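Me: I would like to learn how to read the computed features of a protein model. Please take them one at a time, with the general idea before the case.

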Amino acid sequence: MKRKKLIGNNAYNPIFHFFMGVASAVTGTILLSWPLLALFVKVQKTYETVNLTVGQVMHNYSQLLWFLLWPFKQELKMDNFASSANAIEHFTECKHLFELAVIVFIWGLIVLRFKSNFDYLSKTWALIFMLIPVVVVPFAVANFDTFFVTFHHMIFHNNTRGAS
């Protein structure tokens, strides 16, 4: 049986799968964040902390998501939460990364849809990609605050980390 290739040269196959995997994870997380936040805000009653209704919290989060995902939305404004210059700078950087992830995800879907000569990932690369979360997740869970700060130092060029 002849093996089919994804993108001309087999060397690009792991690179394509890596970026598609990251873009899929980011896009999926963004899409699931809204219903998960609604659930946690309701169950944990965090809306009481900010003296808003669940609907108001979700409306403000929708405004944030709209800013982060819509390329033509250039100003972050939420009805019930003010944003500092540091927060706006941080969320603008997030916006660029999220938009890039969505573009890569859509591009990957197009490649997968229209490339008839698709080559599956080798077992070695598949194992490596499966082990990455197994190695990273315990560190993230064990000390989330340190993981969160370290992750942000690696991804963002400033130290705002979403400070408001």
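Me: What should I know about the model before reading any values?

Reply: This is a predicted model, in which local features need pLDDT of at least 70 and side-chain atom pairs count only at pLDDT 80 or more, while totals for chains, interfaces and linings use all residues. Residues are numbered from 1 along each chain as its sequence is written, and side-chain values use heavy atoms, with hydrogens and water left out.

Me: How many helices and strands does the protein chain have?

Reply: Helices (H or I, at least four residues) and strands (E, at least two) are DSSP runs, numbered from the N terminus. Here the protein chain has five helices and zero strands, and its pattern along the sequence is α-α-α-α-α.

Me: What share of contacts joins residues at least 24 apart?

Reply: Contact means heavy atoms within 4.5 Å. Among contacts in the protein chain between residues at least 6 apart in sequence, the share joining residues at least 24 apart is 68%.

Me: How much of the protein chain counts as buried?

Reply: Buried means under 20% relative accessible area, exposed over 50%, and partly exposed in between, with a 1.4 Å probe and protein chains only. Of the 164 residues in the protein chain, 24% count as buried. Accessible areas come from the Shrake-Rupley method with a 1.4 Å probe; for residues, only the protein chains shown count as cover. The accessible surface of the protein chain is about 11600 Å², and 70% of that belongs to carbon and sulfur atoms.

Me: Is Ala23 buried or exposed?

Reply: Ala23, found in helix H1, counts as buried because its relative accessibility is 3%. Not counting residues up to four places away in sequence, Ala23 touches Ala101, Val104 and Phe105. The C-alpha atoms of Ala23 and Val102 are separated by 6.5 Å, although the two residues are 79 apart along the chain.

Me: Which residues is Ser33 in contact with, leaving aside its neighbours within four places in sequence?

Reply: Ser33 is in contact with Tyr61 and Leu65. Ser33 also has its place in helix H1, and its relative accessible area of 16% makes it buried.

Me: How is a pocket defined, and what lines the largest pocket?

Reply: On a 1 Å grid over the protein atoms alone, a pocket is an open set of points with protein on both sides within 12 Å along at least five of seven lines, whereas a cavity is a set where a 1.4 Å probe fits but cannot get out; lining residues have an atom within 4 Å of a point. Grid points are joined across faces, edges and corners, and a volume is the space filled by probe spheres set on the points. The largest pocket has a volume of about 2100 Å³ and is lined by 50 residues, of which Ala25, Val26, Thr29, Phe98 and Phe151 lie nearest its centre. H1 gives the largest share of that lining, 15 residues.

Me: How many aromatic pairs are there?

Reply: Rings of Phe, Tyr and Trp (its six-membered ring) pair if their centres lie within 6.5 Å; planes under 30 degrees apart count as stacked, over 60 as edge-to-face and the rest as tilted. By this rule there are four aromatic pairs. Phe18 and Phe19 have ring centres 5.5 Å apart and planes at 75°, so the pair is edge-to-face. Trp70 and Phe72 have ring centres 5.5 Å apart and planes at 65°, so this pair is edge-to-face. Ring pairs link Trp66, Trp70 and Phe72 into a cluster.
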